[in-house]
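Reader: I would like to go through the labels used for this model and hear what each one rests on.
Author: Ask about them one at a time.

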Amino acid sequence: MTELAPDATRQAEAAATPRMTTADFTRLVTAHHRAVHGYLAKRTFGDPQLAEDLTQEAFVRAWHHPEILAAKQGTPLPWLYRVARNLLIDHLRARSSRPAEVGPTDLTVFARESELGSDIDRLLNNWSVRQALSSLSDAHRTVITEVYFNHRSLAEAAEVLGLPEGTAKSRCFYAIRALRLALSEHGLLP
């Protein structure tokens, strides 16, 4: 006795398995699509796309089980309902194991709210930083402005301000300390 390769075994099993003809499948879908879809539409919480997807999957499963059309079975509708119910249960279980999905409308509302909130936060932070900067001495404020707002290095800031580099460094150090204190008084730093 010769042993078949795994692919040959699958092909032999597929050939031995009876297939539903296209005509039989068309009659099955025509006769029962509305009933199965209606059954699922009532149970999918108003999601017509999910009801349609599950209906299609139920008929794909029916395609692989031509025995449901046997005369002794009667109508295949109870079998289709059971498959549709099981598919819905599987879908709900899978969905409950994942975080809740967010629809596009939820995202746009959230984006608008976060944009508005971030605009307000930005304005308040801007105002607080301006207040904190105005509390610094002129010497400290000019060094901070050159280094952080005009994006200059300490050496470049010292050159622009006509200061020795060491003086610019120490003013920057003490200016940052004073600015931290002022910002914490405005509630921007812990």
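Reader: What pattern does the protein follow, read along the sequence?
Author: The pattern is α-α-α-α-α-α-α-α. It comes to eight helices and zero strands, where helices (H or I, at least four residues) and strands (E, at least two) are DSSP runs numbered from the N terminus. This is a predicted model, in which local features need pLDDT of at least 70, side-chain atom pairs count only at pLDDT 80 or more, and totals for chains, interfaces and linings use all residues. Residues are numbered from 1 along each chain as its sequence is written, and side-chain values use heavy atoms, with hydrogens and water left out.

Reader: Which elements have the lowest and the highest mean pLDDT?
Author: Helix α1 (residues 6-16) has the lowest, 60, and helix α3 (residues 48-63) the highest, 93. pLDDT is the predictor's confidence in each residue, from 0 to 100. The mean for the protein is 81, and 77% of its residues reach 70 or more.

Reader: Why is T55 called buried?
Author: Buried means under 20% relative accessible area, exposed over 50%, and partly exposed in between (1.4 Å probe, protein chains only). T55 has 0% relative accessibility, so T55 counts as buried. T55 is in helix α3 and, leaving aside residues up to four places away in sequence, touches H33, V36, H37 and L40; a contact means heavy atoms within 4.5 Å. Across the 190 residues of the protein, buried ones make up 21%.

Reader: What makes F25 and W63 an edge-to-face pair?
Author: Rings of Phe, Tyr and Trp (its six-membered ring) pair if their centres lie within 6.5 Å; planes under 30 degrees apart count as stacked, over 60 as edge-to-face and the rest as tilted. By this rule there are three aromatic pairs. For F25 and W63, the centres are 5.0 Å apart and the planes at 85°, hence edge-to-face. F25 lies in helix α2 (residues 22-41) and W63 in helix α3, so the pair ties together parts 38 residues apart in sequence. W63 counts as partly exposed because its relative accessibility is 28%.

Reader: Why is the pair of Y39 and Y81 called tilted?
Author: The ring centres of Y39 and Y81 are 4.8 Å apart and the planes stand at 35°, so the pair is tilted. This pair links distant parts of the chain, with Y39 in helix α2 and Y81 in helix α4 (residues 77-96), 42 residues apart.

Reader: How do you know whether Y39 and Y81 are buried or partly exposed?
Author: Y39 has 18% relative accessibility and therefore counts as buried. Y81 has 27%, so Y81 counts as partly exposed.
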